[in-house]
Amino acid sequence: MMRRLHRWPGLLAAAFLIMLAVSGAILSVFPAAERIASPAAVQGQTVAELAALVLDQHPGAEQIRRAPSGKITVWWFDGGTPGAAVIDPATGQDVASADKSVIRQWLTAFHRSLLLDDAGRMTMAAAAFAMLCLALSGSLLVARRVGGWRKWFSRLRGPLAGRLHTELARLAVVGLGISAITALWMAAATFDLLPVDEANPAFPATVSGQTGAMPSAIPALQETPVADLRELAFPAADDASDVYTLTTSQGTGYLDQGTGALLVWATPGPWARAYEWVYLLHTGEGAALWGLALGLMVLATPALAITGAILWAQGRRGRPRLRGMVAAARAETVILVGSEGGSTWGFAATLARALQAAGQAVHMAPLSSFSPADYSAARRILVLTATWGDGAAPSSARGGLERLAAARPLADVPLAVLGFGDSSFPDFCGFAVAFEAAARDRGWNLLLPGERIDRQSPQEFARWGRALGQALGLPLELNHQPDTPPVTSLTLISRRNYGEAVQAPAAILRFAVPKSGLWRRLTGRGFGRFRAGDLLGILPQGAAVPRLYSLASCHRDGFVEIAVRKHPGGLCSGQLMALQPGQSVQAFLRPNPAFQPDRGTTPLILIGAGTGIGPLAGFIRAEGGRRPVHLWFGARHPDADLLFGEDLERWSDEGRLTGLRTAFSRSGPRQHVQDALRGDALALRALIARGARIMVCGGRDMARGVQGALNEILAPMDLTLVTLKSEGRYVEDTY
């Protein structure tokens with residue numbers, strides 16, 4: 001709901017918001033320029049002294065007006081001819097024309113009303129309301145993304161367009177909110193929708209009838225500094241009943257032109273004062289630096305509109321288009337999808353099209369939007385979901401479990417859950433299993449027993465489809481052909497070979513970074529930005545499903561690097577191990593934000609074995625000695641497969657690597673990395689007590705051994721890995 005509230009005002013009002021922002025940003029420069037160009041009053045100068053200087057130069061002066069910028073303008077009549085000029089308050093002499101800038105007048109009219117009078121004012125007010133909605137909803141979305149208001153300025157991860165959009169929002173949202181609120185206030189005042197205080201006091205009932213009091217001798221003018229002046233109007237020369245009218249920042253009063261006495265004084269009411277503050281906050285008139293700062297913040301609007309449109313397009317592209325899809329309220333079958341990389345959406349689209357061909361009205365949506373109250377015509381709900389990491393919800397299913405727990409089950413609408421995952425992981429389809437269990441506990445009827453699809457198998461998906469068709473009494477044949485992800489050609493520039501002596505061939509492969517334009521960087525589709533720990537998808541020849549490898553380099557290194565071990569019968573690893581410099585593979589990038597070092601300065605504990613050293617080596621290279629980094633690394637033999645051995649030695653000498661402990665299963669004491677951890681229990685406890693973060697990468701068997709060793713080490717500290725995980729101090733990436 002919050003995303004929709006943020007998305008649609010932005011998309012619908014984007015053009016008006018850009019016009020509003022750009023014109024407002026340009027206008028914000030004028031108060032500062034006027035402040036710089038306007039001669040300043042002498043320190044301590046009074047209105048009486050200023051008026052005397054003005055009358056010396058222009059005996060027929062009618063009005064002196066001081067702008068919030070400090071610019072002082074005088075209007076006069078000379079022999080029946082009107083005149084006006086900006087003056088130097090120190091001398092009273094003319095220094096510039098009083099005519100307003102044509103460009104400024106045009107921009108002001110355009111900014112207020114698009115040059116369309118009341119219709120334009122209402123349009124721009126609607127745009128300001130859209131900006132306010134965007135500022136409020138955007139703030140909530142940013143807080144949700146970074147993990148709470150206290151982490152407002154925490155480091156961001158993900159594709160460039162998303163990070164740029166959020167960074168700009170974090171910096172500009174205050175200015176956008178203030179600009180929108182003040183614009184709406186001023187629009188409401190323009191259309192008389194707000195209470196109005198009387199601008200001037202009532203004219204005095206009696207005056208002395210005398211004339212001739214010089215401004216320099218009037219006490220009220222002698223007591224008023226020029227810095228407080230807003231306007232001084234002189235009485236008409238031939239009208240003894242007229243008065244001096246003095247307006248300052250404190251109020252407005254009338255002065256007798258014969259005696260100089262203060263006849264009436266009135267201070268502005270609360271609504272008038274509120275409008276003055278609103279005007280200052282919106283225009284910067286009287287606060288030039290604030291105006292410039294506001295202009296800069298508002299100028300982020302075009303970039304926010306562009307990056308927001310890119311994110312919307314990416315989201316649309318990530319979900320397959322389904323022709324003939326009906327609204328949720330009219331759907332007989334509701335398909336809800338939990339996906340991280342997009343592949344589950346493809347399976348859902350295949351299912352949806354098959355159901356449509358069988359005459360069903362289908363609605364397909366992310367699982368995060370789960371809302372049974374909206375499914376008034378539904379006869380069944382089908383949930384297709386992957387699992388992210390260690391049993392967590394994938395991105396399009398976040399909040400789905402919470403929505404399930406808060407919703408009433410639909411008595412006559414059964415539910416079925418199909419999980420997608422990899423059976424080699426300990427928590428195979430963990431989120432799908434958890435969702436089905438929660439649905440059962442809440443009282444939902446299950447259409448089918450929960451099923452799990454291993455490694456995106458089209459055959460298993462087809463078998464599930466036939467079972468679903470039997471339950472529905474429909475002939476369903478699900479022939480899913482996975483989409484090939486967009487790939488880029490990577491050319492190998494060097495390789496380092498390991499492991500032949502221990503019959504476990506491995507290599508560190510280094511590829512050239514392909515050229516990536518700004519558009520591809522913004523949309524997250526190029527190689528312009530990547531980090532160690534992100535995933536490199538390799539599409540092997542003769543296969544449609546890519547294999548993922550953790551990156552051992554970042555974009556600043558100037559190359560793309562991975563560590564590969566040859567697996568018996570492995571299609572992709574076999575092709576990579578046969579690759580020679582100058583040859584190429586087809587690849588793509590996938591961010592892996594869940595496996596990244598934090599930006600703190602507490603110690604970093606890295607634990608890995610075999611090719612799991614890849615991303616850990618990348619982290620050491622990227623940290624550059626900024627924090628203590630300790631590595632525990634397991635291999636078979638120091639002379640055969642100590643991957644990155646030369647680099648580790650150099651990084652230790654350079655201070656990038658604070659501590660290094662290796663364990664070899666076929667040499668010396670013959671131990672695994674978890675054994676080395678147990679031997680260093682005291683050192684590990686000391687590091688963890690200092691707030692160290694632990695990152696583990698390698699095979700699942702190794703990871704289970706490391707978990708057991710760490711739980712033993714943590715026990716005397718009354719800590720467990722569960723506690724460290726909940727604090728974000730333990731993460732792992734296993735294969």
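Me: What do the buried residues of α20 pack against?
Reply: In this predicted model, the buried residues of α20 pack against β20 (604-609), β21 (629-635), α19 (673-679), β23 (693-698) and α21 (700-714). The buried residues in question are Ala681, Leu684, Leu687 and Ile688, in a helix that covers residues 681-689.

Me: How do you know that the buried residues of α20 line one face of the helix?
Reply: Seen down the axis of α20, the buried residues fall within an arc of 125°, so they line one face. On the other side of α20, Leu682 and Ala689 are exposed. After the helix comes Gly691, with a positive phi near 90°.

Me: Why is Ala187 called buried?
Reply: Buried means under 20% relative accessible area. Ala187 has 16%, so this residue counts as buried. Ala187 is located in helix α6 (residues 160-190).

Me: Why is the contact between Glu561 and Arg510 called a salt bridge?
Reply: The cut-off is 4 Å between a side-chain nitrogen of Lys or Arg and a carboxyl oxygen of Asp or Glu. The closest N and O atoms of Glu561 and Arg510 are 2.9 Å apart, so the pair qualifies. The pair links distant parts of the chain, with Glu561 in strand β18 (residues 559-565) and Arg510 in strand β15 (residues 506-512), 51 residues apart.

Me: Are Glu561 and Arg510 buried or partly exposed?
Reply: Glu561 counts as buried at 1% relative accessibility, while Arg510 counts as partly exposed at 22%.

Me: What makes Arg104 and Glu34 a salt bridge?
Reply: Their side chains meet at 3.2 Å, N to O, and the pair therefore falls within the 4 Å cut-off. Arg104 is in helix α4 (residues 102-113) and Glu34 in helix α2 (residues 29-37), 70 residues apart. Arg104 and Glu34 are both buried.

Me: How do you know that Asp118 forms a salt bridge with Arg121?
Reply: Their closest N and O atoms are 3.5 Å apart, so this pair also meets the limit of 4 Å. Asp118 and Arg121 both lie in helix α5 (residues 117-146), three residues apart, about one turn of the helix. Asp118 is partly exposed at 42%, and Arg121 is partly exposed at 28%.

Me: How many salt bridges does the structure hold?
Reply: The structure holds 27 salt bridges. Arg496, Glu646, Asp647, Arg650, Glu654 and Arg656 are linked in a network of them.

Me: Which residues have the most contacts inside the largest nonpolar core?
Reply: They are Ile335, Leu351, Leu355, Met364, Leu384, Phe461 and Trp464, in a core of 28 residues. The largest share of this core, eight residues, comes from α11.

Note on methods. Residues are numbered from 1 along each chain as its sequence is written. This is a predicted model: local features need pLDDT of at least 70, side-chain atom pairs count only at pLDDT 80 or more; totals for chains, interfaces and linings use all residues. Side-chain values use heavy atoms; hydrogens and water are left out. Buried means under 20% relative accessible area, exposed over 50%, partly exposed in between (1.4 Å probe, protein chains only). Helices (H or I, at least four residues) and strands (E, at least two) are DSSP runs, numbered from the N terminus. The arc is that of the directions from the helix axis to the C-beta atoms. Contact means heavy atoms within 4.5 Å. A nonpolar core is a set of buried Ala, Val, Leu, Ile, Met, Phe, Trp, Tyr and Cys residues joined through side-chain atoms within 4.5 Å.
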